[in-house]
Amino acid sequence: MDLYYKRLPLDMFNNFKPRNVRDIGGYPAGNGITKWKTFLRCEGLECVTEHDAAFLYEYGIRTVIDLRFCTEFEKNNTEYLFNVFSANKITLINMPFVDNYDDITGHYYMHMVDKGKKNIKQIFEYIAGRLADGGIMYNCFAGKDRTGVLSALLLLLCGVSEIDVLADYMVSSVYLKSLVEKLGLINDAQSSNPKFMEEFLIYFKQKYQSAEQYLLSIGISHETIATIKDQFTQQF
């Protein structure tokens with residue numbers, strides 16, 4: 001039987017169960033659903049094990065995109081990560097989602113889509129070129145902010161409702177609770193408070209109308225958009 005996981009059972013999370021690695025398949029999308037095993041969202045992967053990498057390969061993952069700043073990425077066990085993923089035929093690449101930020105609230109999300117257009121264009125074009133090889137996992141530090149905005153763009157592009165985008169975002173607060181407490185980060189900005197995504201979605205719709213219009217406005221081709229939509233949706 002082909003197994004699908006909403007939250008994947010990886011070894012790396014044993015010390016902080018539960019943690020924030022999730023398949024964003026299964027959401028209603030127009031006349032279909034988002035496909036399973038196409039996109040996984042996750043937090044930092046420094047503690048990924050050989051078993052985890054093998055599991056991800058069997059699940060269909062062929063690419064991992066780390067969305068953190070280059071300096072941030074380089075501090076986090078990168079030689080080990082490249083080795084463990086490459087040994088399991090998974091490509092790891094660092095592609096910063098945004099070059100800098102001022103805060104991590106909803107205003108940060110608006111900053112990302114406004115100031116990170118060059119980065120986002122590069123990421124979407126890379127995604128479109130890699131999907132034929134298999135599923136893609138992407139991560140930042142907590143799997144909440146940069147990862148959350150990329151997830152929102154992918155889901156909105158495929159016709160997923162704002163309610164489901166908001167629900168997908170809010171799950172991070174539950175899965176990251178143990179990590180937030182361990183690191184002493186118990187404050188509003190470290191949660192996936194719905195107001196942050198709600199404010200972002202209102203702003204985004206008013207300024208760009210839709211995810212597709214936004215992507216077109218930053219120079220992404222109709223062909224690239226069609227490739228992602230076709231690979232990420234299954235029609236009934």
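# Loops, helix packing and burial in a predicted chain

K89 lies in the loop between α3 and β6 (91-94), where helices (H or I, at least four residues) and strands (E, at least two) are DSSP runs numbered from the N terminus. The model is predicted, so that local features need pLDDT of at least 70 and side-chain atom pairs count only at pLDDT 80 or more, whereas totals for chains, interfaces and linings use all residues. Residues are numbered from 1 along each chain as its sequence is written, and side-chain values use heavy atoms, with hydrogens and water left out.

**The chain as a whole**

The protein chain contains 11 helices and eight strands. Of its 236 residues, 54% count as buried, a word that stands for under 20% relative accessible area, with exposed meaning over 50% and partly exposed the range in between (1.4 Å probe, protein chains only). The accessible surface of the protein chain amounts to about 10,600 Å², and carbon and sulfur atoms hold 52% of it; such areas come from the Shrake-Rupley method with a 1.4 Å probe, and for residues only the protein chains shown count as cover. Among the contacts (heavy atoms within 4.5 Å) in the protein chain with a separation of 6 or more, 74% are between residues 24 or more positions apart.

Most residues other than glycine have a negative phi. K89, although it is not a glycine, has a positive phi of about 60°. N77 likewise is not a glycine and has a positive phi of about 60°, and it is placed in the loop between α2 (70-74) and α3.

**Single residues and their surroundings**

| Residue | Relative accessible area | Class |
|---|---|---|
| N77 | 40% | partly exposed |
| K89 | 62% | exposed |
| H111 | 18% | buried |
| I123 | 0% | buried |
| D11 | 29% | partly exposed |

H111 belongs to helix α4 (residues 106-115), and its C-alpha atom is 9.3 Å from that of N100, which is 11 residues away along the chain. I123 is part of helix α5 (residues 117-130), and its contacts, not counting residues up to four places away in sequence, are L67, M95, P96, F97 and L150. Between the C-alpha atoms of I123 and I65 there are 8.7 Å, although 58 residues separate the two along the chain. D11 sits in the segment before β1 (22-23); apart from residues up to four places away in sequence, D11 touches T49, H51 and D52, while its C-alpha atom is 7.2 Å from that of V48, 37 residues apart along the chain.

**Helix packing**

Two packed helices are described by the angle between their axes and the distance between the axes. The axes here are lines fitted to C-alpha atoms, for helices over the stretch in contact, and the angles run from 0 to 180 degrees between N-to-C directions.

Helix α1 (residues 50-59) packs against helix α3 (residues 78-86) at an angle of about 45°, their axes being 9 Å apart. This makes α1 oblique to α3, since angles under 35 degrees count as roughly parallel, over 145 as roughly antiparallel, 65 to 115 as roughly perpendicular and the rest as oblique. The contact brings E50, A53 and L56 of α1 together with Y80, V84 and F85 of α3. By class these are five nonpolar, no polar and one charged residues, where Ala, Val, Leu, Ile, Met, Phe, Trp, Tyr, Cys and Pro count as nonpolar, Asp, Glu, Lys and Arg as charged, and the others, Gly among them, as polar.

With helix α7 (residues 162-175), the axes come within 9 Å and cross at roughly 145°. In this contact E162, V165, L166, Y169 and M170 of α7 meet P194, F196, M197, E198, L201 and K205 of α9, a set made up of eight nonpolar, no polar and three charged residues.

With helix α6 (residues 146-157), the axes come within 12 Å and cross at roughly 50°, which means that α6 is oblique to α9. G148, V149, A152, L153 and L156 of α6 make the contact with M197, F200, L201 and F204 of α9, and these residues divide into eight nonpolar, one polar and no charged.
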